[in-house]
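Here is a short briefing for a first look at this structure. Keep the model open as you read.

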Amino acid sequence: MITLVRRVTAACVLGAALTACAAAPHPVPRVARPAPSATSAPPTLAPGPGGLTPVFKNGSRTHGRSVALTFDADMTADQGARAAAGEHFDNPGLIAALRELKVPATVFMTGRWAEEYPDQARSLGRDPLFEVANHSYSHYAFTDDCYGLPTVSGDRMRADVERAYAAFRRVGVPDARPYFRFPGGCYDRRALRALTPAGVTAVQWDVVSGDAFATDAEAVSRQVLEGVRPGSVVVMHCTRSAAPTTERVVRTVVPALRARGFRFVRVSELIGS
Ligand SMILES: [Zn+2]
């Protein structure tokens, strides 16, 4: 089904990395499928101009007070030795807190993380509270300059994304979503073009929690609470090693946002509404 959802230009959906936004002359319809049931395809955005991978940043500001908490399960392809030495790239306490508080959430998982923690990946993938989406296989950057991350070459980008989906299937995640989060959030036109055949919607965010390498849970919580608006997508992390405060942050911001009338949803619900 094709529905006229919102008067946005496809170019504007592509976000700040592209400069065509202000110049785009005509509003164009966005394609969305109905809200997901167990068997229907998850909603996606229509491709951008020239068939570029579409980019989603936040949901409607006027369709009620919904907010999507998203958690990146980062693990770089070369971090296996550190995991073997005892470094924790997972965060079971955070996942337990989300379950206890009944917070639907979207986990952007790297393929490497799924391989390191197959039981947790499978458990997340089979729990209807969560949806698993793609954060690349290797957590290498898709642009040349992205927070010092190693880079994936243009001709390997699509394969890196598909390698992550293959890893998810192998560990027993049955229906990972066609949503992709660029490592570091770094993308450009070349990356969007390279991923067009993968059929994914790129998912950015409008609220940076600041949980990466943070030690002050209160400061992170404050930043989330000050940033969230209706339709917001909040980026956080699901790795004790690099984001040790996230569970405490969740336990603070969830009741506070509910008290302000917010309802937690998965990204698919924001895209589809
Ligand atoms: Zn990441």
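**The core**

Of the 70 residues in the largest nonpolar core, those that touch the most other members are Val-107, Val-132, Ala-133, Phe-168 and Val-234. Helix 6 (residues 157–171) gives this core its largest share, six residues. The model is a predicted one.

- Val-132 touches Val-107, Met-109, Leu-124, Gly-125, Phe-168, Val-173, Ala-176 and Arg-177, leaving aside residues up to four places away in sequence.
- Val-107 and Phe-168 are among these partners, and both are also listed with the core residues that touch the most other members.

**The chain overall**

- The secondary structure comes to 10 helices and nine strands.
- The chain has 273 residues, and 44% of them count as buried.
- Take the contacts between residues at least 6 apart in sequence: 80% of them join residues at least 24 apart.

**Helix 5: one buried face**

- Helix 5 spans residues 118–125.
- Its buried residues are Gln-120, Ala-121, Leu-124 and Gly-125.
- Seen down the axis of helix 5, these residues fall within an arc of 130 degrees, so they line one face of the helix.
- The cover over them includes helix 3, helix 4 (111–116) and helix 6.
- Strand 3 (105–109) and strand 4 (130–134) are also part of that cover.

- Which residues of helix 8 (residues 217–227) are buried? They are Val-220, Ser-221 and Val-224.
- These residues cover an arc of only 100 degrees around the axis, so they sit on the same side of helix 8.
- Glu-218 and Glu-226 are exposed, on the other side of helix 8.
- The cover over the buried residues includes strand 7 (207–208), strand 8 (232–237) and helix 9 (246–259).

**Helix 9 and its partners**

Two packed helices are described by the angle between their axes and the distance between the axes. Helix 9 packs with helix 3, and its axis also crosses that of helix 8.

- Helix 3 and helix 9 pack at an angle of about 15 degrees, and their axes are 8 Å apart.
- Angles under 35 degrees count as roughly parallel, so helix 3 is roughly parallel to helix 9.
- The crossing of helix 3 past helix 9 is left-handed.
- On the helix 3 side, Gly-93, Leu-94, Ala-97 and Leu-98 make the contact.
- On the helix 9 side, the contact is made by Thr-246, Glu-247, Val-250 and Arg-251.
- The axes of helix 8 and helix 9 come within 9 Å and cross at roughly 35 degrees.
- The crossing of helix 8 past helix 9 is right-handed.
- Helix 8 makes this contact through Ala-217, Val-220, Ser-221, Val-224 and Leu-225.
- Helix 9 makes it through Arg-248, Val-249, Thr-252, Val-253 and Ala-256.

Most residues other than glycine have a negative phi. Here are two with a positive value.

- Lys-102 has a positive phi of about 55 degrees although it is not a glycine.
- Lys-102 lies in the loop between helix 3 and strand 3.
- Lys-102 counts as exposed because it has 9 C-beta neighbours inside 10 Å.
- Phe-213 is not a glycine either, yet its phi is positive, about 65 degrees.
- Phe-213 is found in the loop between strand 7 and helix 8.
- Phe-213 has 11 other C-beta atoms within 10 Å, so it is exposed.

- Where is Ile-95 found? It is in helix 3 (residues 92–100).
- Is Ile-95 buried or exposed? It counts as buried, because it has 23 C-beta neighbours inside 10 Å, and the cut-off for buried is 20 or more.
- Ile-95 and Phe-130 are 35 residues apart in sequence, and their C-alpha atoms are 9.7 Å apart in space.
- Asp-78 is found in the loop between strand 2 (66–73) and helix 2 (80–84).
- Asp-78 has 12 C-beta neighbours inside 10 Å, so it counts as exposed.
- The C-alpha atoms of Asp-78 and Tyr-140 are separated by 9.9 Å, with the two residues 62 apart along the chain.

How values were computed. Residues are numbered from 1 along each chain as its sequence is written. This is a predicted model: local features need pLDDT of at least 70, side-chain atom pairs count only at pLDDT 80 or more; totals for chains, interfaces and linings use all residues. Helices (H or I, at least four residues) and strands (E, at least two) are DSSP runs, numbered from the N terminus. A nonpolar core is a set of buried Ala, Val, Leu, Ile, Met, Phe, Trp, Tyr and Cys residues joined through C-beta atoms within 7 Å. Two residues are in contact if their C-beta atoms, placed from the backbone, lie within 7 Å. The arc is that of the directions from the helix axis to the C-beta atoms. Axes are lines fitted to C-alpha atoms, for helices over the stretch in contact, and angles run from 0 to 180 degrees between N-to-C directions. Angles under 35 degrees count as roughly parallel, over 145 as roughly antiparallel, 65 to 115 as roughly perpendicular and the rest as oblique. A crossing is left-handed if the near helix is turned anticlockwise from the far one by less than a right angle, and right-handed if clockwise.
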